[in-house]
Amino acid sequence: MSETITPGKAALFLGYAKIGLLGFGGVAAWARRVIVEERRWLSERDYAEVLGLGQILPGPNVGNAAVMIGRRFHGLSGALLATAGLYAGPLAILIALSLFYDRYGTTPGVAPFMQGVAAAAAGMVIGTAIKMGEKLRPPPELLAVGLLAVAGAAVLRLPLPVVVVTLAPLGVWLSLRRAWKAGAR
Amino acid sequence: MSLLLQILLAFGTLSLLAIGGANAVLPEMHRLLVEVHGWMDDATFSQLFALAQAAPGPNILAASVMGWHIAGPAGLAAATIGMLLPAALLAWAVAGLTHRLSGAAWLKPAQFGLVPVAVGLIAASGVIMAGAAGTGWLSWAIIGVSTLFVWRTSLSPLWVLAGGGALGLLLL
């Protein structure tokens, strides 16, 4: 695993601003890209663990991870800077969009362009999940939990809290059992 | 009770229910804003949510646009703070807890047990997005190429996003 780099306060804010502004359709894909691949603040595994905690807490997982990662590097000011970076840019764009909503929606060319971007964004999100799975190399029983999450949320369309509340304890139990067995040997 | 306080409380409640993010509380958000408070009609609710999805950033910002629609800039501030603050405080507390427990041997494996749920739900949102975006052979081809590009290379995904948009403009 390559070395990780501790970001300064400005770098933390700017990194999260990039995640927020580029995060069209899939902020999770961009968050991993910037934090793990481009700026190397955290290893693949460390980042995935923070994201896992962010997932079972209420609120957006990437937003929760921003609070936790910001706190880890720079305490309260880190948490505030990461959160502000993540939300400020998109919020400004959203305000502009809602002011010009009628004009924006009817400009010729916007709809087909956005359709093409949406298709690419879908692929980006799927590709990110495959890449994380490949690099994290979960043992078979945890891979099965991940596939159950995909099936529950995307195929059966179960409410997300139901998927999280059933599968999170299962994943934790399976992972602890494996660690305990490895330790007992 | 003043309108701003009502907005703050409504979104504050939603914030703590939003396990899995904004899409998880969409039905409850609709019930509170449209049926309980009557702050907007059905069509406006759908349009505002679609608008938030079209913009970059976390989907949870749908709350901000809805606050704006209900009570202007002050409404936006009330809705955004209501939606973000309770969840952020909880994340802060949990980060402190994991820091204090960082010596415990069971913490790392327990946390790793949550990873498949997080990664699985990223994959699921990609599949759902693909289902919505895949309207013909060209969009499915863009989805396939973009999946491979992001999975197999470490080049910036901006290339496929821009390429997808350009192809859409030319051919869709």
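Analyst: Two residues are in contact if their C-beta atoms, placed from the backbone, lie within 7 Å. This is a predicted model, in which local features need pLDDT of at least 70 and side-chain atom pairs count only at pLDDT 80 or more, while totals for chains, interfaces and linings use all residues. Residues are numbered from 1 along each chain as its sequence is written, with chains lettered from A and ligands numbered from 1 in the order in which they are written.

User: What share of the contacts in chain B with a separation of 6 or more comes from residues 24 or more positions apart?

Analyst: In chain B, 46% of those contacts join residues 24 or more positions apart. As for burial, 48% of the 172 residues of chain B are buried (20 or more other C-beta atoms within 10 Å of a residue's own; 12 or fewer is exposed, and in between is partly exposed).

User: What makes chain B a chain of helices, and how many are there?

Analyst: Chain B has eight helices and zero strands, and along the sequence the pattern reads α-α-α-α-α-α-α-α. Helices here are DSSP runs of H or I with at least four residues, strands are E runs of at least two, and the numbering starts from the N terminus.

User: How does the radius of gyration of chain B sit against that of a compact globule?

Analyst: Chain B comes out at 20 Å, whereas a compact globule of 172 residues would be near 16 Å. The radius is taken over C-alpha atoms, and the globule rule is 2.2 Å times the number of residues to the power 0.38. Along the principal axes, the C-alpha atoms of chain B fill a box of roughly 55 × 50 × 25 Å.

User: Why is helix 1 of chain A called oblique to helix 4 of chain A?

Analyst: The axes of helix 1 (residues 9-22) and helix 4 (residues 61-99) of chain A come within 7 Å and cross at roughly 40°. Under 35 degrees would be roughly parallel, over 145 roughly antiparallel and 65 to 115 roughly perpendicular, with the rest oblique, so helix 1 of chain A is oblique to helix 4 of chain A. By class, their contact has 16 nonpolar, seven polar and one charged residues.

User: Which helix of chain B does helix 6 of chain A cross?

Analyst: Helix 6 (residues 110-136) of chain A crosses helix 7 (residues 137-152) of chain B at roughly 35°, with the axes within 7 Å. Among the residues that meet are Gly116(A), Ala120(A) and Gly123(A) on helix 6 of chain A, and Ile143(B), Thr147(B) and Trp151(B) on helix 7 of chain B. The contact divides into 13 nonpolar, nine polar and one charged residues.

User: How many residues of each chain are in contact with the other?

Analyst: 90 residues of chain A are in contact with 77 residues of chain B. Helix 6 of chain A gives the largest share of the side of chain A that touches chain B, 23 residues. That side of chain A divides into 60 nonpolar, 24 polar and six charged residues. Nonpolar covers Ala, Val, Leu, Ile, Met, Phe, Trp, Tyr, Cys and Pro, charged covers Asp, Glu, Lys and Arg, and the others, Gly among them, are polar.

User: Why is Glu28(B) called partly exposed?

Analyst: Glu28(B) has 15 other C-beta atoms within 10 Å, so it counts as partly exposed. Glu28(B) sits in helix 2 (residues 26-36) of chain B. Leaving aside neighbours within four places in sequence, Glu28(B) is in contact with Leu14(B) and Leu17(B).

User: What about Ala11(A): buried, partly exposed or exposed?

Analyst: Ala11(A), in helix 1 of chain A, is partly exposed, with 15 other C-beta atoms within 10 Å.

Conventions:
Axes are lines fitted to C-alpha atoms, for helices over the stretch in contact, and angles run from 0 to 180 degrees between N-to-C directions.
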